Amino acid sequence: MENKDIVHHIAQLVRISFTDAEMEKFSREFRAILDFVGKLKEADVEGVEPIAHITGRENARREDDFTDDGGAVLPKIDPDFLEEQAPGHIEGEVRVPRVLQ
Amino acid sequence: MALRKNMTADPTKLTITEAAVRFREGTLTPSALTEAHLAAIAQRDGDIHAYLSVFADEARKDAAAADRRFREGAAGSALDGMPIAVKDNILVSGKPATAGSRILESYVASYDATVIAKLKAEGAIILGKTNLDEFAMGASTEHSAFGPTRNPRDLTRVPGGSSGGSAAAVAADLCAAALGSDTGGSVRQPAAFCGVTGLKPTYGRVSRSGLIAMASSLDQIGPLAKCTEDAEIVFNAIAGHDPLDATTHEKPPIPNSPWPGRQSSISGLRVGLPKEYFGEGLDPRIRESAERASEALRKEGATISEVSLPHTPHALAVYYLLMPSEVSANLARFDGIRYGASILRDSRPTPYRAEGSGSGFQIPDSRKDFWDVYFETRRQFFGDEVKRRIMLGTFALSSGYYDAYYGRAQQVRALIQRDFTRVFTDVDVLLTPTSPVLPFRFGERLEDPLAMYLADIYTVSANLAGVPGLVLPFGAVEEDGRMLPVGLQLMGAPFAENTLFSVGKALEAANRA
């Protein structure tokens, strides 16, 4: 794919609209950054396992208990407060635009 | 023990330890210190713009409560009554948390980050929230949607970033200490530029619960302070296991390094100078400062040797693939639907009110569909650098490019970590520059994203390898009639923060002599 086509495709994936001028600018900068990170091709990674976790931590398990005595107690949050943060809301539910036309 | 004898009448210049001694003596109260900081902010922050919000009323109330604890002899912690500034990507319940972005301009945090809960439990006073590059993406605070912060040492220069507001607030005595976050150098580089002390702890040492996520495998909250001892006090208050962050350790493992730390002498300490950090592009005046520091450590009984971290030349490329990849996933949550700015609300002056409770929105005549909310909200309320990184990360993770970019970067990251594991069998601590350049001027690097990225060249490896890094001022350089600070970096093995504090204090003593 041409650089410009790639950038158009990525813009769709990231759900951001761009003007033609912005698209032009991003394509140019994108190329420069890709040239820079492309240097990694020189690194010899034969047989190297990709890193999973930097401090070697295994899965952290806890009891499935959300009471105050349990392990993970999330801060208590007022549902009305959360509802107020949504752009559209009615009677405790978040309103969104019509999905199917 | 007070680090430096400070006889000045201005309490904002006191270190945490010095102020705590006065609180106990009764020669200073938390209220008096808080008032002094608020007055300094009113007087000087118009020029500096370190703060995005200041909580004067609540700070006064909390200070009065601390006054009472000291009067009644009920105060315990070293941070009791201490005014602290917080980077605006860390949640304080009921307060704004903009992350330097228009998309969170009117967002209000619904809970305290774990680090904030810990500071409050120690009696610390949350003074306000500080400026940053949008979502902590930048090295100058020029990417803040609310205007840049200026460097208190020279107002024509950037304070570094992304925790530029926190570094400037500490440097200008607008708080006793501050919290920042460090994904690729965002605590350490601004600490160097503003001439203060900053710590990026070991990954997994400090809870990230309540930190607005940028790149989750790299992010770590750390203190910015007037001296090493203060940074240590704040670090000890915020570190520890947290059930809300599964990467935190119940019991930090014993560091590989045999150096036990917490010693009054650094005799026998093995210091490594990684040759890859002293190559082309390093300002010779910064190199000279690092050489003076290593000589000072040698005089105190440390052994100095040149070491090698051979994969260092690849670190920046690895960082600028892995970080954007994680950014693209973390910032997908800003969709204009659940919270934050949205074209459904913010670009519509009179929203349609639905029947019953709450507010609604009108489907516009053009029959904009669901997708437009995503595309237009993200276009209008994200800045260019954020868009750039979301795009780059999505590309690196996309089908057909994943193996060549993201996958390969993860492999090279493993090699970088091996470099550090190996070198810390030979030495206890690494001494390096923090930035290849002195604080630069506004606009110098803004138009060229790659030039801005190069500011992180000496700091990203610590995040990639998960090791701690402490930055402290060591000397200053005169340029255009202003004295600009030089910040040096100490890196240690995972969980060896105590070693870094010991060496930091030795360097401070040498710097004063």
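The overall scores of the predicted model are an ipTM of 0.91 and a pTM of 0.93. Chain B averages a pLDDT of 91, and 92% of the residues score at least 70. For chain A the mean pLDDT is 81, with 86% of its residues at 70 or more. Among the elements of chain A, confidence is highest in α2(A), at 88, and lowest in strand β1 (residues 89-90), at a mean of 83. One stretch of chain B calls for some care on the reader's part: over residues 348-367, pLDDT stays under 50. The model has 33 contacts beyond four places in sequence for that stretch.

Chain A contains three helices and two strands. Read from the N terminus, these elements follow the order α-α-α-β-β. Of the 101 residues in chain A, 16% are buried.

The two chains meet in a contact that draws 49 residues from chain A and 66 residues from chain B. On the chain B side, the elements that give two or more residues are α9 (315-330), α10 (370-381), α11 (384-397), α12 (403-426) and α13 (449-453). The largest share, eleven residues, belongs to α12(B).

Helix α10(B) is built from twelve residues and spans 17 Å from its first C-alpha to its last, close to the 16 Å expected at 1.5 Å a residue. Its buried residues are V373(B), Y374(B), F375(B), T377(B), R378(B) and F381(B). An α-helix has 3.6 residues a turn, so residues three or four places apart point the same way. The buried set of α10(B) includes V373(B), T377(B) and F381(B), and it also includes Y374(B) and R378(B).

Elsewhere in chain B, strand β4 (residues 177-182) is mostly covered, with six of its six residues buried. A177(B), L179(B) and S181(B) point one way from β4(B), while A178(B), G180(B) and D182(B) point the other way, and all are buried. Strand β4(B) pairs with two other strands of chain B. With β2(B) it runs parallel, joined by three bridges, and here A85(B) has A178(B) of β4(B) as its bridge partner. With strand β6 (residues 220-225), β4(B) runs antiparallel over six bridges, and A177(B) is partnered by A225(B) in β6(B).

A further parallel pairing in chain B links strand β7 (residues 270-274) to strand β8 (residues 303-307) over five bridges. Within that pairing, L273(B) stands opposite E306(B) of β8(B). Together with helix α8 (residues 284-299), β7(B) and β8(B) form a right-handed β-α-β unit.

The loops of chain B also deserve a look. G94(B) sits in the loop between β2 (83-87) and α4 (114-121). With 13 other C-beta atoms within 10 Å, G94(B) is partly exposed. Apart from its neighbours within four places in sequence, G94(B) is in contact with V108(B) and A109(B). By comparison, A329(B) lies 235 residues from G94(B) in sequence and 26 Å away in space, C-alpha to C-alpha.

Finally, some backbone angles stand out. Most residues other than glycine have a negative phi, and most peptide bonds are trans. Against that background, the peptide bond from G161(B) to S162(B) is cis, with omega near 10°. S162(B) is placed in the loop between β3 (125-130) and α5 (164-171) of chain B.

R15(A), in the loop between α1 (3-14) and α2 (20-37) of chain A, has phi near 60°. D480(B), in the loop between β10 (469-479) and β11 (482-492) of chain B, has phi near 50°. Their surroundings can be told apart by counting C-beta atoms. R15(A) is buried because 21 other C-beta atoms lie within 10 Å, whereas D480(B) is exposed because it has 9 other C-beta atoms within 10 Å.

How values were computed:
Residues numbered from 1 in each chain as written. Chains lettered and ligands numbered in written order. Predicted model: local features only at pLDDT ≥ 70, side-chain atom pairs only at ≥ 80, totals over all residues. Contact = placed C-beta atoms within 7 Å. Helix = DSSP H or I, 4+ residues; strand = E, 2+ residues; numbered from the N terminus. Pairing = 2+ DSSP bridges. Right-handed = clockwise from strand over helix to strand, strands pointing away. Buried ≥ 20, exposed ≤ 12 C-beta atoms within 10 Å, placed from the backbone. pLDDT = per-residue confidence, 0-100. Expected span 1.5 Å × (residues − 1).
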